[in-house]
Amino acid sequence: MTLAVRYISARTLDTAPAESCAPGAGEVELAPAFVGICGTDLHIFHGDMDARVGAPAVLGHEMSGRVVRVGPGVEGWQPGDAVTVMPLRWDGTCPACRSGHQHVCQNLDFIGIDSPGAMQQRWVVPASTLIRLPESLALDRAALVEPTAVAVHDVGRAKVAEGEKAVVVGGGPVGVLIALVARAAGAEIRVVELSAHRRQLAEELGLTVWDPAADDIGALVGEWTQDAGADVAFEVSGAAGGMDTAVDVLGVRGRLCLVAINPRPREVNLHRFFWRELTLIGARLYDRSDFEKAVALVADGTIPAGRLISKVVPLSQAPAAFEALEGGGDVMKILVDCTDDAQGVAV
């Protein structure tokens, strides 16, 4: 018997037996080790994505684990290989795919949202989604490769260059990862974050952090940039005030990279866009090269993944972990240990 965490309805999850089937042609069976809970998972938990997510639904797409079995026709993988999964399945035929942008396929299957995810003890996925992990990389740290790939993609979309000044609005897990990736690219970074806990952690990682409740962000940006304004801003908070800040900090021809998911339309100061010739950039998901770079950044310690992990819980306690994350400010990343459960796995 294997177990899975399932979304049942708004604010209701359960841990239940799940069917384990042999991998088919081109597929592999994985034993997930650690699965991170992200903001999208919380949106599902709140019932905000019921139009897209069919219950009962197995959640989770930030993961690490090992290959258990390979299906017919699969080459290059064998049981025991350490892997993560790029959880995207595209159709290859839509206009986005034909133009080379498969990661935003117009009929995209985001595995863990549109189809069963990783928060289970056995998981069958296409072999094409596997990303190899170095054996030297601890699997709990490797569970942060997926959100790091998001940050790599965001920094790449914003074309962050060495010596530029970048403001990250929102110091949660993705915001901190963007700040670290941009810093590694040679940019000077400032993070804007309300939570004292998250500010402290970011500061411990060597980042300069401003508190929008206590600091005059405009004055600080002016002093930092000699009144030129920032070259790049990343809006990661998803809040109306965060959007205002991200627009206001930018200098002439600055770039605003929109990272946060805004479930409803936001007012944006378009006059500012006109007056300073600003550019708005959307950033969604990642491609394989982003994932491979993320693996390298986590493996070499550029991303101190262990410092971002607030707590690890067994699979049976995952529903309570979702509730703990709702407060947001006192935690960064909670991992679900899919190997650590009293009921075990029958192989």
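These entries take the helix before the strand.

I am reading a predicted model, in which local features need pLDDT of at least 70, side-chain atom pairs count only at pLDDT 80 or more, and totals for chains, interfaces and linings use all residues. Residues are numbered from 1 along each chain as its sequence is written, and side-chain values use heavy atoms, with hydrogens and water left out.

Entry on H4. I took helices (H or I, at least four residues) and strands (E, at least two) as DSSP runs, numbered from the N terminus. Helix H4 covers residues 145-157, and its 13 residues reach 18 Å from the first C-alpha to the last, close to the 18 Å expected at 1.5 Å a residue, where the expected span is 1.5 Å times one less than the number of residues. I then looked up burial (buried is under 20% relative accessible area, exposed over 50%, partly exposed in between, with a 1.4 Å probe and protein chains only). Because 11 of the 13 residues of H4 are buried, the helix is largely enclosed by the rest of the structure; among them are Glu146, Pro147, His153 and Asp154. After H4 comes lysine 159, whose phi is positive, near 55 degrees.

Entry on E3. Strand E3 (residues 27-36) has 8 of its 10 residues buried, so it too is largely enclosed by the rest of the structure. I counted strands as paired if DSSP finds at least two bridges between them.

- With E5 (residues 62-70), E3 pairs in the antiparallel sense over 8 bridges, and valine 35 stands opposite methionine 63.
- With E9 (residues 123-126), E3 runs antiparallel and is joined by 4 bridges, where leucine 30 stands opposite tryptophan 123.
- With E18 (residues 333-337), E3 is joined by 3 bridges, again antiparallel, and phenylalanine 34 has aspartate 337 as its bridge partner.
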